[in-house]
Each structure stands twice: as structure tokens, then as C-alpha cells.
Amino acid sequence: MAKRKRDSIVNIRVTSFEKQRILHHAKQSNLTVSEYLRRLVITNELKIEKEKENINEG
């Protein structure tokens, strides 16, 4: 799979504690902070979409 060109930046503000937790979890996952956050967000988005589908079907 070819690497995607990532040319957009998203800045967020976090506390020092939150930053340390993000850094720790990324390191524990053997991922860069960017990749860790991307995976975290994409996984969560998929869960939200799936939940919406279930509500609409029910």
C-alpha cells in the first residue's frame, strides 16, 4: 500500500497531563503520536457510525 500524502495539520490544546498520557500511550503502542491519534480517532468514528446505523435500523 502506497503512503498517503498527509499535508493538513490539526492543532489541539491539551494539558501537560493529557500530553504525557498521549505520549505514553503512543510509545506503548509503538506508534508515533500522529499515527496513534489517527488510529484512535478513526476507530472511534467507525464505532459512532455503526451505533447510528443500529439506531436507524432499530
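**Pocket lining and helix contacts**

The lining of the largest pocket comprises 7 nonpolar, 3 polar and 3 charged residues. Here Ala, Val, Leu, Ile, Met, Phe, Trp, Tyr, Cys and Pro are nonpolar, Asp, Glu, Lys and Arg are charged, and the others, including Gly, are polar. The model is predicted, with pLDDT of at least 70 needed for local features and 80 or more for side-chain atom pairs, while totals for chains, interfaces and linings use all residues. Numbering starts from 1 along each chain as its sequence is written, and side-chain values use heavy atoms, without hydrogens or water.

The largest pocket holds about 470 Å³ of space. Its lining has 13 residues, of which Ser-8, Ile-9, Val-10, Ser-34 and Arg-38 are the closest to its centre. A pocket is an open set of points on a 1 Å grid, reached by a 1.4 Å probe, with protein on both sides within 12 Å along at least five of seven lines; lining residues have an atom within 4 Å of a point. Its volume is the space filled by probe spheres set on the points.

The chain contains 2 helices and 0 strands (DSSP runs of H or I, at least four residues, and of E, at least two). Of its 58 residues, 7% are buried. Buried means under 20% relative accessible area, exposed over 50%, and partly exposed in between, with a 1.4 Å probe. The chain exposes about 6100 Å². Carbon and sulfur atoms supply 52% of that area.

Ile-22 sits in helix 1, residues 16-28. Its relative accessible area is 18%, so Ile-22 is buried. Residues up to four places away in sequence aside, Ile-22 touches Val-14, Val-33, Tyr-36 and Leu-37 (heavy atoms within 4.5 Å). Leu-37 is 15 residues from Ile-22 in sequence. Their C-alpha atoms are 8.2 Å apart.

Tyr-36 belongs to helix 2. Tyr-36 is also buried, because its relative accessible area is 16%. The C-alpha atoms of Tyr-36 and Ile-22 lie 8.4 Å apart, across 14 residues of sequence. Beyond neighbours within four places in sequence, Tyr-36 contacts Ile-22, His-25, Ala-26, Ser-29 and Leu-31.

Asn-30 occupies the loop between helix 1 and helix 2. The phi angle of Asn-30 is near 55 degrees, a positive value in a residue other than glycine. With a relative accessible area of 71%, Asn-30 is exposed.

Thr-43 lies in helix 2, which spans residues 33-57. Its relative accessible area is 39%, so Thr-43 counts as partly exposed. A polar atom of the Thr-43 side chain is 2.8 Å from the backbone oxygen of Arg-39.

Note on methods
Accessible areas come from the Shrake-Rupley method with a 1.4 Å probe; for residues, only the protein chains shown count as cover. A polar contact is a pair of N or O atoms within 3.5 Å; within protein, one must be able to donate a hydrogen and the other to accept it, and residues adjacent in sequence count only if both atoms are side-chain atoms.
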